Amino acid sequence: MSGAGSAAPRVLAVANQKGGVGKTTTAINLGTALAAVGERVLIVDLDPQGNASTGVGIPPEIRSVTSYDALVGATSLAGATLRTAVPGLAIVPANADLVGLETDLIGDSGKPFRLRDAIAALAANPPVEGGYNYILIDCPPSLNVLTLNALVAANAVLVPVQTEFFALEGISQLSETIEQIRATLNPALEIQGVVLTMHDERMQFSREVADNVREFFGAKVYATVIPRNIKVAEAPSHGMPLLVYDHKCKGSEAYMDLARELIARERRMKAA
Ligand SMILES: Nc1ncnc2c1ncn2[C@@H]1O[C@H](COP(=O)(O)OP(=O)(O)O)[C@@H](O)[C@H]1O
Ligand SMILES: [Mg+2]
């Protein structure tokens, strides 16, 4: 299919080197919500744990071609892309092969640019009519070669922050990393936004942490807050995005709101 007439995709890295803050949950459900409002979305799973892949219904057995293969150049990103049950949502799945990437690419000076170049090739010749509007990269919980590839490939970073004690721990490190990459490998990199996750309005410390994060990041923090919601945690074990599992629950509503807020912010960022 020809890429003529398709705009370049917006590439967003979902990153925070802390584990368990809602990166994968956000990649899956924001991706599903964006697809639900008509965007063409590709999730690139860059975590060796492959939770995003499982969460959209791609079990390990059918991940014969993965993001690892695309990063080492054994296939193109398009060649590693699978459809999901959600119309408009595709995924490049991941498995534990990614653990070996650092060693496999030793001595390769192009190491940080692997994903950027693969996405450029995908955008030049997209496998879907009109191309993808959004590519969401689900990063692993560390600042390793995988996250480096994601931050070099991305136009902007989306940072999930869990409203719990120590939420800001590591955030300054992530901010520094983003600054460093902006100063060197990817000058155009910006923060799309910070999303508060697993928020419990009844807990005073949850509210305090939310206030602290808003003090630190200002207007970068989305007005939409993702509440702690049991359905959010249940959905992945059914291999379904939350919006498919229960589209009326509080978590689904929040991710729909986040998608709309993100699209509005994208328009403003483009106009600026
Ligand atoms: N809003 C939420 N409400 C309840 N549980 C959540 C919510 N968001 C994430 N979880 C659960 O918290 C755990 C960590 O989330 P996950 O998205 O895997 O984090 P990360 O990718 O940053 O490691 C998972 O078990 C997930 O199901
Ligand atoms: Mg994850």
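**Ligand shell and strand sheet**

Analyst: Helix H1 (23-36) and helix H9 (230-234) each contribute at least two residues to the shell around ligand 1. Helices (H or I, at least four residues) and strands (E, at least two) are DSSP runs, numbered from the N terminus. The model is predicted: local features need pLDDT of at least 70, side-chain atom pairs count only at pLDDT 80 or more, and totals for chains, interfaces and linings use all residues. Residues are numbered from 1 along each chain as its sequence is written, chains are lettered from A and ligands numbered from 1 in the order in which they are written, and side-chain values use heavy atoms, without hydrogens and water.

User: How many residues surround ligand 1, and which are the closest?

Analyst: A residue is near a molecule if one of its heavy atoms lies within 4 Å of it. Here 14 residues surround ligand 1, and the closest are Gly 20, Lys 23, Thr 24, Thr 25 and Pro 227. H1 gives the most to this shell, with three residues.

User: Which polar side-chain atoms lie by an oxygen atom of ligand 1?

Analyst: A polar contact is a pair of N or O atoms within 3.5 Å. A polar side-chain atom of Thr 25 is 2.6 Å from an oxygen atom of ligand 1, and one of Lys 23 is 2.9 Å from an oxygen atom of the ligand. From the backbone, a polar atom of Val 21 lies 3.1 Å from an oxygen atom of ligand 1.

User: In what order do the strands of the open sheet stand?

Analyst: Two strands pair if DSSP finds at least two bridges between them. In this model, seven strands form an open sheet of mixed pairing, in the order E3-E4-E2-E5-E1-E6-E7. Strand E3 (82-83) and strand E7 (190-197) are at the edges with a single partner strand each, so one side of each has no neighbour in the sheet. Within the sheet, strand E2 (residues 41-45) and strand E4 (residues 89-92) pair in the parallel sense over four bridges.

How values were computed:
Polar contact = N/O pair within 3.5 Å; in protein donor to acceptor, adjacent residues only side chain to side chain.
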